[in-house]
Amino acid sequence: MFKHSTRRWLAGLGVAGAFVAASATPAFAADPTIADAQGAEGFSLYANDVIVAPDGPEKWISLYSLVDEPFTDYTVKVDRSAVDGFAEVQTPDSCAGTGAVLTCTVKNDAEPDLDLLSLAVLPRDGAKAGQEGQLAFTVTTPDAGTATYRSTVTVGEGVDLTSEPFVNLAGTPGSTVPAPLSVGNQGKTDAEDAVLFFFGSYALAPAKRYENCEYFEDNFGEYAYACTLDATVAAGGSAKLDDSFGFAVPSDAWAPNTDYGFAIWMTPADWQAFRSQVPDFGKSAKGDEGVLKLTPTAPSRTLARAMQQTDVDPTNNETMIQLAVKGNQKADVAANGATLDAQVGATVPVTVGFTNNGPAAINAGGEDGIYTLALVTLPKGTTAVKAPEQCADAEGEFGPDSGKAGAAVYACFVPDVVGSGKKVEFPFSLRVDQPGTLAGKVELFHGGPDETTRKDLNPANDTAKIVVKATGDGGQGGGDGGTLPITGSSTGLIAGIGALLLAAGAGGYVVARRRKTRFVA
């Protein structure tokens, strides 16, 4: 029976984590200008900027070390003098404060992390919009030397954008579904412009791609985009998107299904802060199908305001969109094995995988769709000298050892949507160690968000053989290599696969980091 570690790495496949804007991981891995900043003395640091508002909530600044191995011993000094007149930078329990300077010392950290320090920042009584200053960080380590960084604290105008918490929509594969989204402002200050950030699963494809929207690829949900909208949302008023906004349900969407997306309203300044802090959004491009408009539904006036604005209550400006995809459209996924001739002692390429025969896409999310995992048992009498990065030892854990050679059984998974007619390939290089007819197999397992196994349209083709007909004298005798015996219930392999999905009702921001997948038309 496979070890519990198999289920642990299955649960971790494809998911980079969940986070909120106030505590997001910085995008330093994708931005060399950040990675090189202020680190000439030995290593690099990064800390986010924050905007606070009079009578607004606390914001958090997190300081990171941009190093390969986290520090176990270090000291952080924080000079608060430049912001002390308008912002309170609270002293964590692990730090000592002497005047405007904080000193935080860590020794022999048993669980070191790149996150060195997090500080809560609050506006002081009497803080006025437009005030600005910098926190100065100095990090000293026993071995890596010293580095510095500065983070900007700004006092902005406070607004309070709001939206409906839920919107329910319905459609069928191939249909276009209008989405009547709106934003309110229950604050006392008019909000100048707004940004709509949306991300969602496969069935929530954008019906149009607008010139004032930035569409992201690869790393932030199946669909993700941010639209900068030129409009004033009056204090106590609201505004709505024009009627052209909606979703185009793909023709190969799984049905029936329930898909989810999230629409978050931000001020332009909050969006820029969020954009700079989250993990790599991947490539992006502007649309070319006109301009998405935001129309006030209450009288508004033209503002001449250069002041940055921030949302004083970001918990009430997120809308969860639930799309019911109606119909009856599922998929047949067929395992692809391999048969080849080889000489003992040779290293040969063996490519296995599966084909989605459609008509629905798989790995597309939603409550009722399926995700497919391939369990590849290599022929006994062969040795994997090279394995694809999407595969890991089925008795190991997904992580740095993914793609590691030498395992007998591999669990292979791709988080990408696999459309109808698409083939997923897992290329191995096998060394042939003994003569005979050496047999292995590919087995497919399908799971859903409820962590149970599910069936595709034709379970009979979910297993395929891997056969290596080896000739020559390997010094080990001949005969049938057979297959590696597998005992225990196969359903255990799927336990935890639900962590791959954007679960129903999950709020906040979920990042699904893609892996390169070889798709063959």
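Student: Which residue in strand E27 stands opposite Phe262?

Tutor: Met320 in E27 stands opposite Phe262. This is a predicted model, in which local features need pLDDT of at least 70 and side-chain atom pairs count only at pLDDT 80 or more, while totals for chains, interfaces and linings use all residues. Residues are numbered from 1 along each chain as its sequence is written, and side-chain values use heavy atoms, with hydrogens and water left out.

Student: In which sense does E27 pair with strand E23, and over how many bridges?

Tutor: Two strands pair if DSSP finds at least two bridges between them; strands (E, at least two residues) and helices (H or I, at least four) are DSSP runs numbered from the N terminus. Here E23 (residues 255–266) and E27 pair in the antiparallel sense over nine bridges. E27 (residues 318–329) is also joined to strand E14 (residues 166–171), in parallel, by six bridges. Leu169 has Leu323 in E27 as its bridge partner.

Student: What is the strand order in the open sheet of three strands?

Tutor: The order is E15-E22-E18, with antiparallel pairing. Strands E15 (176–178) and E18 (205–206) each have a single partner strand, so they stand at the edges, with one side of each left without a neighbour in the sheet. Two bridges join E18 to E22 (residues 246–248), and Pro206 stands opposite Phe247 in E22.

Student: Which residues have the most contacts inside the largest nonpolar core?

Tutor: In soluble globular proteins, nonpolar side chains tend to be buried together. A nonpolar core is a set of buried Ala, Val, Leu, Ile, Met, Phe, Trp, Tyr and Cys residues joined through side-chain atoms within 4.5 Å; buried means under 20% relative accessible area, exposed over 50% and partly exposed in between, with a 1.4 Å probe and protein chains only. The largest core in this model has 37 residues, and Val352, Tyr410, Phe426 and Phe428 have the most contacts inside it. Strand E35 (423–432) gives the largest share, five residues. Apart from it lies another core of 36 residues, among them Val177, Leu204, Cys213 and Trp265.

Student: How many salt bridges does a search of the whole structure find?

Tutor: Side chains of opposite charge can pair when their charged atoms come close. The criterion is a side-chain nitrogen of Lys or Arg within 4 Å of a carboxyl oxygen of Asp or Glu, and the search finds four. In one of them, Asp84 and Arg124 have their closest N and O atoms 2.9 Å apart. Asp84 lies in the loop between E5 and E6 and Arg124 in the loop between E9 and E10, so this pair ties together parts 40 residues apart in sequence. Asp84 is partly exposed at 36%, as is Arg124 at 32%. Glu214 and Arg275 also meet, at 3.9 Å from N to O. Glu214 belongs to strand E19 and Arg275 to helix H3, so parts 61 residues apart in sequence are tied together.

Student: What pattern do the disulfides follow?

Tutor: A disulfide is a pair of cysteine sulfur atoms within 2.5 Å; the count here is three. With bonded cysteines counted along the chain, the pattern is 1-2, 3-4, 5-6. Cys95 is joined to Cys104, S to S 1.9 Å, and both are buried. Cys213 is joined to Cys227 at 2.0 Å. Cys391 and Cys412 have sulfur atoms 2.0 Å apart; the torsion about their S-S bond is about 115°, so the disulfide is right-handed.
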